[in-house]
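Subject: Structure handover

Hello,

Here is the structure I said I would pass on. My notes on what turned up in it follow below.

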Amino acid sequence: MTIAWSLTSGYLHFVTVTNNVLLALHFFFQQTLLPALDLVDSGNVVKYVSTNGRIVYQVTGLSGEKYICFQKLKYCSCPSYVHSVIPEMIILCKHRLAVELVEAMDICPICKISDEELSNVLNHCANSCIITLGKN
């Protein structure tokens, strides 16, 4: 049983996230759970779906910076992903966890965009990643 499934079933069954689910999430995501919940509560996660069905998530960090996340690839364009998640084997950054949470609770706003608009979003992300990586 996955954490997301547990969260989904807990949310749908009780119309709230149970204490047991929160405790389990805190056990696995001690450092990132509260910041991820802040992102969820602030409505900072948007799901973009292109006309050909490609999906990306844009998560606006608490600083206002926008990051791109891919759910199936378990990827985020944030510096934490590059510097903490990959080398230190942390499970998810707060942005990716926020994506999992909004999807599990089925509260993610969906924005339908054209393939060209998706390409622009991804190009912006790629340029941001190059700039971020170049700073270190």
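Cys-69 is buried, because its relative accessibility is 0%, under the 20% limit used for that word. Please keep in mind that this is a predicted model. Is Cys-69 in a disulfide, or in no disulfide? The count of disulfides comes to zero. Cys-69 is in none: the nearest cysteine sulfur belongs to Cys-76 and lies 3.5 Å away, while a disulfide would need the two sulfur atoms within 2.5 Å. Cys-93 is also in no disulfide, and its nearest cysteine sulfur is that of Cys-76, at 3.7 Å. With a relative accessible area of 2%, Cys-93 counts as buried.

Overall layout

The chain has 136 residues, of which 38% count as buried. It holds six helices and five strands, in the order α-α-α-β-β-β-β-α-α-β-α along the sequence. Of the contacts between residues at least 6 apart in sequence, 55% join residues at least 24 apart. The accessible surface is about 8200 Å², and carbon and sulfur atoms account for 59% of that surface.

In soluble globular proteins, nonpolar side chains tend to be buried together. Here the largest nonpolar core has 25 residues, and Val-45, Cys-76, Leu-97 and Leu-101 are the ones with the most contacts inside it. At least two residues of this core come from each of α2 (19-28), α3, β2, β3 (66-70), α4 (79-88) and α5 (94-104). Which element gives the largest share of this core? That is α5, with five residues. Leaving out residues up to four places away in sequence, Leu-97 touches Phe-29, Thr-32, Leu-33, Ala-36 and Leu-92. Another core, of eight residues, lies apart from the largest one; Ile-68, Leu-118, Val-121 and Cys-125 are among its members.

Helix α3

The buried residues in α3 include Leu-33, Ala-36, Leu-39 and Val-40. Viewed down the helix axis, the buried residues of α3 fall within an arc of 120°, so they line one face of the helix. Leu-34 and Asp-41 are exposed on the other side of α3. The cover over the buried residues of α3 includes α2, β2 and α5. Just after α3 comes Gly-43, which has a positive phi of about 70°.

Asn-44 is in the loop that runs between α3 (33-41) and β1. Its relative accessibility is 16%, so Asn-44 counts as buried. Apart from neighbours within four places in sequence, Asn-44 is in contact with Leu-39, Gln-58, Val-59, Thr-60, Gly-61 and Leu-62.

Strand β1 and its partners

Strand β1 covers residues 45-50, and five of these six residues are buried, so the strand is largely enclosed by the rest of the structure. Which strands pair with β1? One is β2 (residues 55-60), which runs antiparallel to β1 and is joined to it by five bridges. Within that pairing, Val-45 has Val-59 as its bridge partner in β2. The hairpin of β1 and β2 has four residues between the strands, and in it Gly-53 takes a positive phi near 95°.

The other is β5 (residues 110-113), which pairs with β1 in the parallel sense over four bridges. In this pairing, Ser-50 stands opposite Ile-113 of β5.

Lys-74 has a phi near 55°, a positive value, and is not a glycine. Lys-74 sits in the loop between β3 and β4 (75-76). Because its relative accessible area is 42%, Lys-74 counts as partly exposed.

Asp-106 also has a positive phi, of about 55°, although it is not a glycine. Its place is in the loop between α5 and β5. Asp-106 is exposed, with a relative accessible area of 65%.

Regards

Technical notes: Residues are numbered from 1 along each chain as its sequence is written. This is a predicted model: local features need pLDDT of at least 70, side-chain atom pairs count only at pLDDT 80 or more; totals for chains, interfaces and linings use all residues. Side-chain values use heavy atoms; hydrogens and water are left out. Buried means under 20% relative accessible area, exposed over 50%, partly exposed in between (1.4 Å probe, protein chains only). Two strands pair if DSSP finds at least two bridges between them. Contact means heavy atoms within 4.5 Å. Accessible areas come from the Shrake-Rupley method with a 1.4 Å probe; for residues, only the protein chains shown count as cover. A nonpolar core is a set of buried Ala, Val, Leu, Ile, Met, Phe, Trp, Tyr and Cys residues joined through side-chain atoms within 4.5 Å. The arc is that of the directions from the helix axis to the C-beta atoms.
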